[in-house]
There are 2 protein chains.
Amino acid sequence: MSAPVNLYTKLAAGVPEHLLLVETEDLRPYECDGLSAYRQVPLLVALPETIEQVQHVLRTCNELRVPVVARGAGTGLSGGALPLAEGVLLSLAKFNRVLDIDPVNRTARVQPGVRNLAISQAVSDLGLYYAPDPSSQIACTIGGNVAENAGGVHCLKYGLTVHNIQSIELVTMTGERLTIGSQALDSAGFDLLALLTGSEGLLGVIVEVTVKLLPKPQVAQVVMAAFDRVDTAGAAVGRIIAEGIIPGGLEMMDQGCIQAAEDYLHAGYPTGAAAILLCELDGTAEEVAEQMEQVQALLRDAGATELRVSRNEQERLLFWAGRKAAFPAVGRLSPDYYCMDGTIPRKELPRVLNGIEALSQEFGLRVLNVFHAGDGNLHPLILFDANREGQLHAAEELGGRILELCVEVGGAITGEHGVGMEKINQMCVQFRREEIVQFHALKAAFDPHGLLNPGKAVPTLNRCAEYGAMRVSRGELRFPELERF
Amino acid sequence: MSAPVNLYTKLAAGVPEHLLLVETEDLRPYECDGLSAYRQVPLLVALPETIEQVQHVLRTCNELRVPVVARGAGTGLSGGALPLAEGVLLSLAKFNRVLDIDPVNRTARVQPGVRNLAISQAVSDLGLYYAPDPSSQIACTIGGNVAENAGGVHCLKYGLTVHNIQSIELVTMTGERLTIGSQALDSAGFDLLALLTGSEGLLGVIVEVTVKLLPKPQVAQVVMAAFDRVDTAGAAVGRIIAEGIIPGGLEMMDQGCIQAAEDYLHAGYPTGAAAILLCELDGTAEEVAEQMEQVQALLRDAGATELRVSRNEQERLLFWAGRKAAFPAVGRLSPDYYCMDGTIPRKELPRVLNGIEALSQEFGLRVLNVFHAGDGNLHPLILFDANREGQLHAAEELGGRILELCVEVGGAITGEHGVGMEKINQMCVQFRREEIVQFHALKAAFDPHGLLNPGKAVPTLNRCAEYGAMRVSRGELRFPELERF
């Protein structure tokens with residue numbers, strides 16, 4: 001047992017010993033999240049069962065100045081739940097109960113370890129569902145969704161996690177319990193609910209979430225459109241949105257993805273196309289019928305070479321099955337792939353797709369594109385072989401360059417995966433020195449000793465100075481101290 | 001000239017002298033906002049024309065430890081722009097230009113002093129509009145809207161200000177300029193955009209706003225339903241929402257308001273009714289037609305005694321004219337009235353309306369109700385006569401009790417007017433000690449010397465201890481230090 005006796009003893013004063021793991025074989029399952037290129041066994045894993053136990057763990061660690069990383073299901077893709085060798089890994093796995101369902105206010109109060117899909121399943125009989133649907137929704141938990149402000153295929157129409165929750169219970173690093181948000185549409189005081197959502201475990205530990213529920217749409221139908229150029233498909237996306245139509249989902253796949261998905265799953269995609277769009281409309285039967293006419297006319301006018309509309313629910317699900325299987329399908333093409341996550345203004349889609357192609361050639365690594373086109377949230381998949389020397393590093397470097405391209409056109413370095421470990425350097429490109437300084441001040445207002453998930457999401461100024469020494473962005477030198485280097 | 005020479009000289013080093021007001025007759029117009037029961041002439045008014053000048057004013061005041069209150073059009077109803085005798089009033093009135101309109105991304109970049117309605121007018125030819133519509137929209141400015149997170153009749157369907165803006169430029173008290181938000185759907189780092197929205201001028205001064213625009217709905221139609229009991233009307237609201245229908249607007253007026261509006265404007269309201277609901281549906285023609293059938297059936301089933309559907313645009317506008325004129329109409333009934341602003345879960349409408357009636361009788365002051373029923377945002381109007389001794393105080397006390405009733409049922413002490421001066425005591429009822437402490441820490445992270453709009457929105461712990469000494473709320477003693485009193 002490597003955890004210092006003092007820490008263990010103090011933790012055990014408030015948490016039963018069977019909920020404290022210290023043996024290496026018990027710690028190993030927690031060594032990484034979905035960004036598995038980075039691994040670190042933590043000092044100790046705590047699996048509290050009550051809010052009081054969470055308060056005890058945090059208070060104890062604060063007192064002993066031991067860093068803490070909170071973790072849900074560990075499906076995150078940016079390394080946000082990567083443990084620290086000298087830190088406690090706080091798992092919320094035992095907080096897995098749906099506490100209350102309120103059909104009149106259309107809300108559910110759940111513990112943070114409840115799986116995303118389990119919420120929709122619990123309220124399905126009431127004709128309701130929880131809208132955000134990250135592709136990991138079978139496994140990922142609502143606490144992690146809030147920490148990362150998770151999205152999904154339907155967030156174009158129904159919003160990100162932040163738009164679909166009403167309140168949370170939070171425990172701060174000093175062990176204080178805060179109620180954030182209310183049952184009302186707006187809150188007095190500062191909007192801590194939005195601040196906490198997507199804060200990647202840096203400000204507090206979520207111990208309860210009240211989510212908003214929506215009535216299931218009456219009808220959903222999807223149209224698949226084929227294009228002979230990627231940038232034409234990108235331009236078509238802008239046309240649909242500019243028309244005032246907000247599809248339930250609007251996804252794009254390029255040729256490599258189409259081929260991979262088709263080989264894997266036989267969804268009936270046109271493998272000769274350079275790109276396809278999948279556009280789902282939902283609502284009442286009349287609404288869907290009317291908009292489907294409009295969308296088809298727009299797609300034809302935008303240069304679609306083929307249109308296919310789902311004729312029944314089975315066909316609709318098949319169209320989506322190909323999209324949803326795109327990642328594993330691509331996984332068959334290459335020993336390894338790296339999934340990026342950047343967001344851009346929709347109108348920049350053609351320019352950015354061309355830019356990604358140019359970067360792909362520069363680095364000699366194939367990049368496939370499958371993404372939430374409607375909201376400009378890209379997921380380029382970089383194919384590489386980790387066993388070939390230098391390829392992992394090249395893939396990471398290429399990924400970073402793609403994110404910086406997103407910033408250059410006015411976008412952001414994350415859409416739904418968060419910054420975590422992965423994009424910490426790109427934070428220095430996204431933000432100016434003054435903005436990073438403000439983030440640190442805000443972090444200190446919740447966690448004065450910087451013990452919650454340190455090293456993630458917000459870079460130190462030194463890191464930015466070093467990283468920035470190689471770069472000038474948004475036409476200005478962002479970190480003037482680098483002049484001293 | 002009462003402003004200290006040192007302050008004036010330093011300000012004048014960066015701001016032309018004609019933009020600095022110090023004579024009492026020039027200061028007088030700034031002595032109050034829409035909460036005119038409170039008045040205070042400021043030490044000095046600055047009317048900067050450029051962002052650099054705003055930075056200079058804030059930097060100078062920070063250095064000299066002079067407090068600053070920022071102000072838009074001064075239409076706020078909670079006293080958020082009330083000046084300080086020893087402070088600078090920073091007016092953004094000269095920042096009144098629409099800088100850029102982007103029809104493809106459906107955004108407009110505007111200066112903070114642009115009026116809310118002027119944005120919609122500027123983009124009307126493109127078939128677009130800016131959705132949040134506070135009733136002061138002819139006069140109020142977008143900077144103030146962001147500072148207060150303004151709502152309006154249509155925010156049930158289209159969201160509050162926070163849901164309709166994309167990014168802001170902010171100047172902090174230390175004069176740093178920050179870009180907050182981006183053109184992408186999500187931002188990396190902490191969500192400062194939501195934190196700043198509704199922060200009531202305590203964290204920084206907004207110098208630019210990029211708003212989201214929406215396509216104008218094809219069709220809008222309103223149904224007016226009469227009820228013979230107020231709580232039956234309240235229950236009908238819950239039924240409509242529970243059905244999954246999100247009206248463009250869903251408003252309620254009680255008998256006193258109906259009568260006052262009808263006498264004033266002859267909108268054709270049924271003056272014998274105890275309450276009316278106005279429910280507007282918007283969207284495509286088919287969607288509106290289908291939902292109008294559904295809503296009428298629901299209203300009948302919920303006990304409506306009369307239903308009238310607008311037959312044309314003129315009739316629709318007439319139905320709304322009565323609602324929009326409710327405040328001036330009530331103003332004719334009583335020498336003074338006090339408009340409150342609390343939010344409750346919809347299902348508590350009947351209980352809270354009964355509670356308001358009981359409080360009205362306890363205080364011997366008439367209370368009329370006109371409000372955004374769909375999102376549970378109440379606007380009780382307390383009638384009083386300021387010239388009768390003790391009535392202003394009684395009205396304020398009654399208003400406070402109504403807000404505390406909102407908290408008791410799980411709601412909030414503000415929906416869209418903010419806390420400001422007005423509701424500062426009720427913050428102690430809404431929040432626990434730990435939460436208020438967290439607000440102060442967060443404030444200090446932006447404004448370490450507490451110079452931006454001090455005394456508003458977030459109460460001191462001492463104030464809460466004193467106020468709390470009279471009260472126990474949410475079943476617990478919130479401010480334990482009061483035991484020492």
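Modeller: A disulfide is here a pair of cysteine sulfur atoms within 2.5 Å. The model is predicted, and across all its chains two disulfides are found.

Take chain B to begin with. B:Cys428 and B:Cys464 are joined, with 2.2 Å between their sulfur atoms. The torsion about the S-S bond of B:Cys428 and B:Cys464 is about -80°, so this disulfide is left-handed. B:Cys428 belongs to helix H15 (residues 424-430) of chain B and B:Cys464 to helix H17 (residues 461-468) of chain B, so the pair ties together parts that are 36 residues apart in sequence. B:Cys428 and B:Cys464 are both buried; for that label, the relative accessible area has to be under 20%.

Chain A has a disulfide between A:Cys428 and A:Cys464, with an S to S distance of 2.2 Å. The value about the S-S bond is -80°, and the link of A:Cys428 and A:Cys464 is left-handed. Distant parts of the chain are linked by this pair: A:Cys428 sits in helix H15 (residues 424-430) of chain A, and A:Cys464 sits in helix H17 (residues 461-468) of chain A, 36 residues apart. Both A:Cys428 and A:Cys464 are buried.

Some cysteines of chain B need a separate word. Which cysteine sulfur is closest to the sulfur of B:Cys140? The closest one is in B:Cys155, and because the distance is 13 Å, the two are too far apart for a bond. The cut-off for a disulfide is within 2.5 Å. B:Cys140 has a relative accessible area of 3%, so B:Cys140 counts as buried.

With a relative accessible area of 0%, B:Cys406 is buried.

To return to the links themselves, the two disulfides of the structure are the pair A:Cys428 and A:Cys464 and the pair B:Cys428 and B:Cys464. The cysteines of the chain A pair are buried, as are those of the chain B pair. B:Cys140 is also buried, but its sulfur is too far from the closest cysteine sulfur for a bond.

Notes:
Residues are numbered from 1 along each chain as its sequence is written. Chains are lettered from A and ligands numbered from 1 in the order in which they are written. This is a predicted model: local features need pLDDT of at least 70, side-chain atom pairs count only at pLDDT 80 or more; totals for chains, interfaces and linings use all residues. Side-chain values use heavy atoms; hydrogens and water are left out. Helices (H or I, at least four residues) and strands (E, at least two) are DSSP runs, numbered from the N terminus. Buried means under 20% relative accessible area, exposed over 50%, partly exposed in between (1.4 Å probe, protein chains only).
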